[in-house]
Amino acid sequence: METSIPVYPTILIVDDVPINLKVVRAHLEPSGYKVLEAGSGQEALIQAEQRPDLILMDIMMPDMDGMETCRRLKANPHTAEIPVIFLSALTDPESRTGALAIGGVDFIIKPFDEEELIARVKIHLTLRYQKIQLEKYAAELEQMVEDRTRQLIHADRLATLGTFSAGMAHEINNPNTFIAGNIQVLQLFWKTAGPILKKHIAEDSTGRLINTVNEIEDIFDDMLEGSRRITSIVNSLKTYARQGGVNKETIQLLSIIDDALKLLQHRLKKGISIHLDVPLALSVFCDYQSLSQVFVNLLNNAIDAVDEQTGKIDIIAKGINDKIHIRIQDNGSGIPETIADNIFDPFFTTKGKARGTGLGLSIVKGIVEKHNGSISLVPTTKKGASFLIILPFTTHK
Ligand SMILES: Nc1ncnc2c1ncn2[C@@H]1O[C@H](COP(=O)(O)OP(=O)(O)OP(=O)(O)O)[C@@H](O)[C@H]1O
Ligand SMILES: [Mg+2]
């Protein structure tokens, strides 16, 4: 919809007397208006479909009078917004109030003064477009408030989580180190005690001892595994709390990605192929630890998503103007549209609490943004997921 007055506004004149149409047209055209004509109410309804900017309507017409025509125009959502000015020889107050009550914006008595007609037409056109402008601003303002509120809620949640994580990570780390250390002591102890117990297994007639002895090594392993998992979550939380780091330096992008791939080598052994296209000349001014974490997390997700035999992960970087575009794309299970808005939220995971913390992508987003960059999930027609990171450009020396 137009939001400012068109250069040549269109006015529809409705009157059953041809000479009246001629006169009004003669007034309007020299002032720069395009004119449409209708000789009856019925015809007016048809012409109004062209959405003129304003309608000048006679009241007394055979078949369908101006009032009825106006009522019908207002009942049709397509034409309801067009202002209708009545032009009539009727001077009684009832006709005037009646005309305004059914949605007319003004009432001009015939015979009318040419200048007055033009002035009123102009006022109502201005009012109409000011109203449209205001509605547009109001909608924009509403959207801005909504966006800002959403951002604030998100920022607040992240800030709280950051502070909370830093404190909690410390609290959990101490007892966890203690638990892991003691399990290892128990494992050592078992190396001595195990064989002795095994010798006496025959003395236990219930048969329970043999079960316990056989299980005990697995129990120790499970406990250690659980403790390692706590360490990994705590480390993620710590990274979360100190996203972005402070030790920034200029580092070759390729070396950061290479290091991340080395860290993940144990997961890449099988049939997963990596296609790397990262120009040597691209460098980023970054905190090395944090940016490595970005690639480790994204690649970990890609490895989780692809098939072990046919998996393919592309890492493609390009310098575009003053930015570096890095695309990480896999041919895995992809991300359904229904969860696309949630994947960057802290603790959002589809991997089940035993396999994913759901912190990976929120850490990635936090780090990239601390580096004045952005990350987004890019819609793709291919199978799999595609992420695009945009970072400021640094030339490698
Ligand atoms: N490459 C990908 N392909 C398919 N789904 C993905 C991909 N990357 C992320 N996701 C989806 O986004 C969710 C959130 O990812 P995120 O890295 O934040 O957490 P996670 O991987 O579940 O847990 P964690 O990172 O702690 O292992 C994932 O559970 C998964 O559903
Ligand atoms: Mg992850």
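Predicted model: local features only at pLDDT ≥ 70, side-chain atom pairs only at ≥ 80, totals over all residues.
Student: Okay, so at what angle do H7 and H9 pack?

Tutor: Helix H7, residues 253–263, packs with helix H9, residues 288–305, at an angle of about 55°, and their axes are 9 Å apart. The two helices are therefore oblique to each other, and H7 passes H9 in a right-handed crossing.

Student: Which residues of H7 and H9 make the contact?

Tutor: From H7 the contact takes Ile256, Ile257, Asp259, Ala260 and Leu263, while H9 contributes Tyr288, Leu291, Ser292, Phe295, Val296 and Leu299.

Student: And how many of those are nonpolar, polar or charged?

Tutor: In the contact of H7 with H9, nine residues are nonpolar, one is polar and one is charged.

Student: Switching to the sheet, what's the order of the strands?

Tutor: The sheet is open and has five strands, which follow the order S2-S1-S3-S4-S5 with parallel pairing. From one strand to the next, the twist averages 20°.

Student: Why do S2 and S5 each have one side without a neighbour?

Tutor: Strand S2 (34–38) and strand S5 (106–109) stand at the edges of the sheet and have a single partner strand each, so one side of each is left without a neighbour there.

Student: How many bridges join S4 to S5?

Tutor: Strand S4, residues 84–88, is joined to S5 by four bridges, and the two run parallel. Serine 88 stands opposite isoleucine 109 in S5.

Student: Which strands does H3 lie across?

Tutor: Helix H3, residues 66–75, lies across strand S1 (10–14), strand S3 (54–58) and S4, and it runs at about 150° to S3.

Note on methods:
Residues numbered from 1 in each chain as written. Chains lettered and ligands numbered in written order. Pairing = 2+ DSSP bridges. Axes fitted to C-alpha atoms, helices over the stretch in contact; angles between N-to-C directions. Contact = placed C-beta atoms within 7 Å. Parallel < 35°, antiparallel > 145°, perpendicular 65-115°, else oblique. Left-handed = near helix turned anticlockwise from the far one by under 90°. Nonpolar A, V, L, I, M, F, W, Y, C, P; charged D, E, K, R; others polar.
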